[in-house]
Amino acid sequence: MAMNKQRADLTFKDNLRKGRHGWVRLTPAYSVKLVHQILEEHPQIERILDPFSGTGTTGLVAGQRGLHCDLYDINPFLIWLARVKCDNYSVEQIDRTRANANIIVKLANENSSLEQALWIPPISNIERWWSQDRLLPLARIFHALNSVVPNPCREKNLLLIAFCRSLIQWSNAAFNHQSMSFANEDKQLRLFGAEEEIIQNFLAEVEMILGAASAYIPGNTQAFVADSKNGNLDQCQPYDAVITSPPYANRMSYIRELRPYMYWLGYLKKSRDAGELDWQAIGGTWGIATSKLKTWKPHDAYNDIPRLDPLIKEIARSSDVLSRYVHKYFNDISQHLESIHKRLAPQGKVFYVVGNSKFYDTLISVEEIYADLMSKYGFENINVQVIRKRNSKKELFEYIVSADKI
Ligand SMILES: C[S@@+](CC[C@H](N)C(=O)[O-])C[C@H]1O[C@@H](n2cnc3c(N)ncnc32)[C@H](O)[C@@H]1O
């Protein structure tokens with residue numbers, strides 16, 4: 001593999017072209033290709049766990065290959081998304097979804113007089129996401145969708161995925177950086193302005209979803225809301241492999257770019273909820289999570305990481321809170337790796353896709369610390385391999401850290 005290249009084919013960008021994998025984008029989603037490659041190289045793997053499953057990439061690849069896969073994530077919206085992506089849909093369900101989409105569009109077009117009664121999610125500064133003339137047609141689609149299909153069902157799930165795509169398609173959010181930002185000028189609005197176009201475009205999104213939804217998934221993937229810090233997996237049969245990309249140690253809050261979907265679909269009701277959820281997440285720093293960090297104390301049992309100690313002291317000279325952030329990140333990962341060892345069958349394998357990080361002038365060799373921790377918790381044959389260069393900063397790379405339980 002060429003190690004000095006950015007390799008867009010090994011990121012979420014490549015996934016966007018791959019049917020169900022491209023349904024809803026999440027910047028840190030990892031590569032479909034990489035998961036296939038691991039499973040090609042290890043044909044003995046049949047039962048897989050992804051304890052940080054995000055958009056469900058591992059589960060969908062495993063399902064497409066006819067394998068068993070359990071997915072865990074702390075974020076209930078992502079678990080819903082993964083379930084919908086890994087589900088099977090009959091011809092009748094696909095036909096009903098298409099018919100309902102047509103009724104929704106008709107109703108949404110007729111509903112312009114209902115503007116006062118429309119529900120708009122309580123996202124703070126919502127106008128940063130959508131200008132008023134986009135927000136109203138989106139709210140009309142959502143209102144019509146819930147009137148036509150009031151109860152949860154497979155057809156509704158597919159329509160909601162299409163709605164999530166419309167939300168982002170018409171938002172001011174720009175995803176061309178590692179994390180999301182907002183466009184200053186609303187350039188597209190000038191081009192597409194008409195409300196009818198936003199409503200009509202929903203049908204195109206539904207068709208995009210239905211194209212991939214009809215492909216049969218032979219495997220068995222299940223997804224659960226769970227905190228992977230501390231096991232939580234006690235009843236499970238042992239796994240042959242863990243294939244995962246844990247949260248990055250770079251202060252990236254996944255909740256940030258997920259907020260629009262989560263508010264519209266009812267997973268967040270007020271801004272404090274996002275901070276509370278991020279505090280449960282490893283590496284979360286959104287809202288209240290940052291102030292909670294200020295009083296956080298390490299667990300003694302997970303505090304013995306010799307390679308980390310000088311680094312957190314160095315970061316503390318510039319920022320106490322960032323130093324605590326890095327400290328807590330590895331405290332949580334230690335606890336996680338200890339519990340994962342118990343979940344594996346003998347000869348089981350782990351594959352962790354991680355990135356190194358830099359805080360001020362301190363480079364954290366995240367991959368080396370994972371390797372140290374795997375060794376501490378009883379793994380053997382530990383191997384660190386560079387996969388790709390991450391971005392323009394020359395020291396930042398992505399790695400696979402793999403190991404075996406003997
Ligand atoms: C790098 S993302 C995984 C991306 C995934 N490989 C994909 O392709 O979409 C890391 C995930 O870990 C989840 N996470 C963070 N802390 C967690 C915890 N304590 N337990 C379970 N999941 C957690 C986040 O919600 C996020 O979805």
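Tutor: Start with Ser245: one of its polar side-chain atoms lies 2.8 Å from a nitrogen atom of the ligand. That pair is a polar contact, meaning N or O atoms within 3.5 Å. This is a predicted model, where local features need pLDDT of at least 70 and side-chain atom pairs count only at pLDDT 80 or more, while totals for chains, interfaces and linings use all residues. Residues are numbered from 1 along each chain as its sequence is written, and side-chain values use heavy atoms, without hydrogens and water.

Student: What other polar atoms lie by the ligand's oxygen and nitrogen atoms?

Tutor: Asp73 has a polar side-chain atom 2.7 Å from a ligand oxygen, and a polar backbone atom of Ile74 is 3.2 Å from a ligand nitrogen.

Student: Which residues come nearest to the ligand?

Tutor: Thr55, Thr57, Asp73, Ser245 and Ile282, out of 23 residues around it; a residue counts if one of its heavy atoms lies within 4 Å.

Student: And how do I read the space itself?

Tutor: Rolling a water-sized probe over the atoms shows where empty space is left. On a 1 Å grid over the protein atoms alone, a cavity is a set of points where a 1.4 Å probe fits but cannot get out, and lining residues have an atom within 4 Å of a point.

Student: Where does the ligand sit?

Tutor: In the largest cavity, with more than half of its atoms within 2 Å of the grid points. About 410 Å³ of space lies in that cavity, and 32 residues line it, with Phe52, Gly54, Asp73, Pro247 and Tyr254 nearest its centre.

Definitions and conventions. A polar contact is a pair of N or O atoms within 3.5 Å; within protein, one must be able to donate a hydrogen and the other to accept it, and residues adjacent in sequence count only if both atoms are side-chain atoms. On a 1 Å grid over the protein atoms alone, a cavity is a set of points where a 1.4 Å probe fits but cannot get out, and a pocket is an open set with protein on both sides within 12 Å along at least five of seven lines; lining residues have an atom within 4 Å of a point. Grid points are joined across faces, edges and corners, and a volume is the space filled by probe spheres set on the points.
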